[in-house]
There are 2 protein chains.
Amino acid sequence: MSITFLHSDQGMLGSNWTSAIADELESIELTIRSVINSSVEVASDLSGRLLASGGKRIRPSLLTLSALACGECDRERMTYLAAATELVHMASLVHDDVIDETRERRGSATAGAQFGNKISVLGGDYLLSKAFHLLCVHGNPDILKSLSATAVVMVESEILQASGEGDLSLWESEYWRIIRGKTADFMASCCECGAMLADADVNQCQAMREYGLQLGLAFQITDDVLDIAGNSELTGKETGADLINGKFTLPVLMALRDADGDGSLRKTLSKGHISACEAEKITAIIIESGALETANSAAADCVEAAIKQLSIFPQSIYTDALKSLAEFVISRNG
Amino acid sequence: MSITFLHSDQGMLGSNWTSAIADELESIELTIRSVINSSVEVASDLSGRLLASGGKRIRPSLLTLSALACGECDRERMTYLAAATELVHMASLVHDDVIDETRERRGSATAGAQFGNKISVLGGDYLLSKAFHLLCVHGNPDILKSLSATAVVMVESEILQASGEGDLSLWESEYWRIIRGKTADFMASCCECGAMLADADVNQCQAMREYGLQLGLAFQITDDVLDIAGNSELTGKETGADLINGKFTLPVLMALRDADGDGSLRKTLSKGHISACEAEKITAIIIESGALETANSAAADCVEAAIKQLSIFPQSIYTDALKSLAEFVISRNG
């Protein structure tokens with residue numbers, strides 16, 4: 001499956017999954033906007049800028065579509081909980097940017113670059129506290145347990161990733177644990193909580209969780225491929241940034257496995273620190289090796305596994321949208 | 001009331017309030033230790049070091065004493081919730097240290113100095129996520145609403161404080177809002193949640209909340225006095241750090257009001273940036289002006305107001321301990 005082909009139908013797939021819940025997404029957007037408002041001007045200002053910088057709102061979409069695919073539920077509650085998942089995601093982006101000292105994301109200056117790290121750390125905390133408050137007011141015990149357990153795993157995985165920068169052997173042994181923990185488990189929890197909100201039975205909750213998990217793995221693998229092969233104008237991130245930051249992702253690991261007969265790639269990566277010039281050379285080796293296709297194929301397998309989980313639900317515009325969303329995840333170019 | 005006198009009986013007062021709940025404090029300590037354990041070594045290591053560096057465990061004590069002063073309650077739940085309040089406090093210290101670029105606290109290197117800011121931001125997030133999970137599993141809706149609303153106010157106040165560094169007029173208009181939001185409201189919420197846990201009636205919950213609020217104000221004013229007059233070996237913080245960081249606290253504001261006839265102090269403070277040498281001169285002016293006594297007297301008034309709230313509860317070792325704790329808050333030297 002060529003990357004070019006996958007990119008070409010992003011628009012169509014994108015519109016497919018959002019159109020099923022266009023009204024809901026608008027309510028979620030309004031809710032986020034109203035919730036982040038603060039009498040402390042800097043807090044509102046920082047959050048407002050983050051919100052305006054966009055994003056695909058995948059986590060709120062997952063919660064909403066999963067709920068509606070399972071039946072009816074309290075719409076107001078669904079909107080608040082969906083908004084909370086986006087706030088958690090936004091908070092993690094703000095703290096990630098402080099951590100990675102990222103100066104630009106999605107074509108705009110990051111919070112750290114605009115407000116300084118001090119306000120950014122607190123800005124992330126503000127979004128987290130708002131999310132926590134929404135969850136406490138609108139969640140039920142099962143939903144709170146699921147999302148709060150996931151929050152712990154997310155942070156643990158971020159710590160594992162941060163402590164393992166430049167450490168090739170850690171990435172070789174922990175890649176799947178890291179991407180599952182930092183991305184997939186949260187998407188799984190969004191889907192599970194959607195199902196719980198609609199009072200779905202245990203099998204349905206479990207199937208939605210598995211759908212979200214597989215979709216999340218595919219999402220992160222695709223992110224990792226885009227870091228190497230993506231167009232930085234579309235991804236909003238510098239190409240090769242992961243490599244330079246010592247994050248050795250699936251395409252790198254696949255190239256090591258399949259195209260490093262003389263061990264020179266392993267030798268370069270094992271040094272820990274990768275220069276921009278070395279990153280360019282490594283990128284060429286990875287592309288040449290076919291590792292991007294191998295990684296894309298792994299992501300496609302995850303999407304297939306995700307879609308398979310949907311078979312137990314009655315077909316509806318919501319299950320169709322969940323299918324489109326899964327396909328979008330590996331077809332996006334940013 | 002001289003500062004020397006207040007310091008001299010710290011030991012006795014300290015032992016008074018902890019002895020009423022010695023077993024409970026031990027259980028809380030063990031719970032925190034077990035909760036912060038993680039399969040990700042760096043997460044356990046960071047949290048373990050923070051825990052070992054000590055602290056007065058004032059927030060868990062407030063929750064525990066407030067609960068027991070109101071009657072019986074689920075002890076296990078009380079222990080978990082008390083542990084969660086300390087985790088929130090620890091998380092805020094870790095993020096504060098990243099924000100202030102503090103290298104040392106309580107005589108030990110801060111997390112930022114030991115692990116770098118990257119791991120410290122995530123370390124704070126880890127403690128917060130653990131606290132959130134404990135609250136979600138062991139809290140009830142009222143407790144969750146109280147603590148999560150307080151968390152929002154705490155962060156807003158920290159943002160207000162960070163955005164107002166060096167801005168004298170902001171501190172003049174917002175001092176009480178900042179110290180209430182960053183310190184007192186959380187202590188108020190700990191007390192209120194203790195009362196809620198013991199199924200206290202609305203009046204009792206309200207009285208405990210007010211007790212905690214007044215105690216928290218006294219606590220923060222005393223902190224602000226210690227920043228100027230304290231012994232850095234006992235406080236664990238560099239003397240005059242607030243001034244140098246552009247935090248203009250009550251002693252400064254009192255000196256401005258009472259001892260700045262020629263406006264020279266206002267002129268120096270209005271520049272925004274205060275050098276270590278200027279901080280020393282300002283400290284001398286403040287001490288000379290009697291502003292520390294005025295601030296101490298304001299703190300003593302808050303303690304009196306706090307203790308007054310206890311009159312509606314039947315006297316017990318727990319109400320006695322709450323009284324001792326309030327007295328300790330203004331008598332401590334670190």
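Let me start with helix α10 of chain B: 23 of its 28 residues are buried, so the rest of the structure largely encloses this helix. Buried means that 20 or more other C-beta atoms, placed from the backbone, lie within 10 Å of the residue's own. Helices here are DSSP runs of H or I with at least four residues, strands are runs of E with at least two, and both are numbered from the N terminus.

This is a predicted model, where local features need pLDDT of at least 70, side-chain atom pairs count only at pLDDT 80 or more, and totals for chains, interfaces and linings use all residues. Residues are numbered from 1 along each chain as its sequence is written, and chains are lettered from A and ligands numbered from 1 in the order in which they are written.

Back to α10(B), residues 202–229. From first C-alpha to last, α10(B) reaches 40 Å, close to the 40 Å expected at 1.5 Å a residue; that expected span is 1.5 Å times one less than the number of residues.

Take one residue of that helix, Q204(B). Is Q204(B) buried or exposed? Q204(B) is buried, because 21 other C-beta atoms lie within 10 Å. Beyond its neighbours within four places in sequence, Q204(B) is in contact (C-beta atoms within 7 Å) with C70(B), A195(B), I312(B) and F313(B). I312(B) is 108 residues away along the chain, yet its C-alpha is 7.5 Å from that of Q204(B).

Now chain A. It has 17 helices and two strands, and 57% of its 334 residues count as buried. In helix α13, residues 250–258, seven of nine residues are buried. Among what covers them are α9, α14 and α16 of chain A.

How values were computed: A residue is buried if 20 or more other C-beta atoms lie within 10 Å of its own, exposed if 12 or fewer, and partly exposed in between; C-beta atoms are placed from the backbone. Two residues are in contact if their C-beta atoms, placed from the backbone, lie within 7 Å.
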